[in-house]
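Please find my comments on this model below. They are arranged as numbered points, to be read alongside the sequence and coordinates.

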Amino acid sequence: MRSQLELLVSGFTRLRHDGRFDEPNLDGTAGDYISFDSWEWPQGVGLYGLVRLWQHTGDEALKKTIEDWYSRHLAAGLPPMNINTTAPMLALSLLWGDTRDSRWEKPLADWADRLMREMPRTPEGGFQHNVSDKINDDELWDDTLFMAGLFLAAYGRAAGKQTYVDEAVRQFLVHARYLADPHSGLWFHGWTFAGRHNFARALWARGNAWITVGILDLVEIGGIGEPVEAFLLGVLEAQIETLLELQAPSGAWHTLLDDPNSYEEMSATAGFGYGLLKAARIGLGPKGCRAAGLKALEAVMANIDADGVLGNVSYGTRMGHDLRHYRDIPIQPTGYGQALAILCLTEGMIHAESAEKAA
């Protein structure tokens, strides 16, 4: 498993935009959601996977790769702030929390302060899901919790600023109110206050994976208070119970969780595998989490090619107004695919190491 983790890291750092997707930003600059050396949300999720792996292994070469990435971008100047450009700050907050390297302190503090003061809000105080190429007026997306909520929690804990942790909690609660489906326990992709509906009511796999990972990692970051923790873990358990029922025989999940005719999607499968294995390790979730997580881990490993690239990953997914939108999202290797696979394999490695010690 270590060799495949090394391959995944190498595959991520070698990703380059090939011109297939043309998505200019609102300021006229070119959007690059694929290349390793770009400051956007796929790279931000990717760096989170790298930092989590470094925290487990202590690999100094990996740490240097991460630090060099941030040094280059801070020297060049950061892009305009939105939900998605906040994503790289999550990994940086964990890095700073462990190393206390003074290079990272001011950029983190400035970004967190601006996020709190400047990010547009929906009714009830949710972060409006504005991104680099689109203003999404009065919309809540489940992606927001991973891209921005976790950063506020992680930085708030590292900096001793409870106000930021409390804001992260608020975001999780507001989003749960409008996106968690009480019937299935799964989450819808989005909600709009303009018309008050959940768009296509899509039970989109990767969006649900952001929630599985996000709730578990928010609880691990800590400082959220026992009542909120109990509430969110109840929401998570309801989601997991349905996920266990919908896992395909291959160990994967379909890109629309409740549509077996939609394609099996590996970034979500990796996120669920990580979440189920982690939940089992810390004693959360219903019976069957570990077995389903290991089955997902096998599916992920089977989709890593010789170059360390995770296959069958759906490209960045805008809000869909019908379900066909999700079925038609193209397949494309991405930083978030690499990262979620890294998280899944790292958690698998922890389970294997625990089994070896117990033997």
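1. A salt bridge is taken here as a side-chain nitrogen of Lys or Arg within 4 Å of a carboxyl oxygen of Asp or Glu. The side chains of Arg-170 and Glu-167 meet in such a bridge, at 3.8 Å from N to O. The model is a predicted one.

2. Arg-170 and Glu-167 are three residues apart in helix α7 (residues 162-179), so about one helical turn separates them. How exposed is each partner? Arg-170 is partly exposed, with a relative accessible area of 38%, whereas Glu-167 is buried at 8%.

3. The count of salt bridges comes to 22. Another of them joins Lys-64 to Asp-68, with the closest N and O atoms 2.7 Å apart. Both residues lie in helix α3 (residues 60-76), four residues apart, or about one turn of the helix. Lys-64 is partly exposed at 49% relative accessibility, and Asp-68 is partly exposed at 32%.

4. Asp-101 and Arg-103 form a salt bridge through their side chains, 2.8 Å from N to O. Asp-101 is buried, with a relative accessible area of 18%; Arg-103 is partly exposed at 40%. Elsewhere, a network of salt bridges links Arg-52, Asp-217, Glu-220 and Lys-278.

5. In soluble globular proteins, nonpolar side chains tend to be buried together. In this model the largest nonpolar core has 122 residues, and those with the most contacts inside it include Leu-50, Phe-146 and Trp-210. Helix α6 (residues 143-159) gives the most to this core, with 11 residues. Leaving aside residues up to four places away in sequence, Phe-146 touches Val-45, Tyr-48, Leu-90, Trp-210 and Val-213.

6. There are 20 aromatic pairs in the structure. The ring centres of Trp-69 and Tyr-70 are 5.0 Å apart and the planes stand at 80°, so this pair is edge-to-face. Trp-69 and Tyr-70 are both buried. Ring pairs also place these two residues in a cluster with Phe-12, Phe-36, Trp-39, Trp-104 and Trp-111.

7. The rings of Trp-96 and Tyr-155 have centres 5.9 Å apart and planes at 35°, so they form a tilted pair. Because Trp-96 lies in helix α4 (residues 88-99) and Tyr-155 in helix α6, the pair ties together parts that are 59 residues apart in sequence. Both Trp-96 and Tyr-155 are buried.

8. Two arginines sit over tryptophan rings. The charged end of Arg-100 is over the ring of Trp-96, 4.3 Å from its centre. Arg-114 lies over the face of Trp-111, 5.7 Å from the ring centre.

Definitions and conventions: Residues numbered from 1 in each chain as written. Predicted model: local features only at pLDDT ≥ 70, side-chain atom pairs only at ≥ 80, totals over all residues. Heavy atoms only, no water. Core = buried A, V, L, I, M, F, W, Y, C linked by side-chain atoms within 4.5 Å. Buried < 20%, exposed > 50% of the residue type's maximum accessible area, 1.4 Å probe, protein only. Helix = DSSP H or I, 4+ residues; strand = E, 2+ residues; numbered from the N terminus. Contact = heavy atoms within 4.5 Å. Phe/Tyr/Trp six-rings, centres within 6.5 Å; stacked < 30°, edge-to-face > 60°. Lys NZ or Arg CZ within 6 Å of the ring centre and 35° of its normal.
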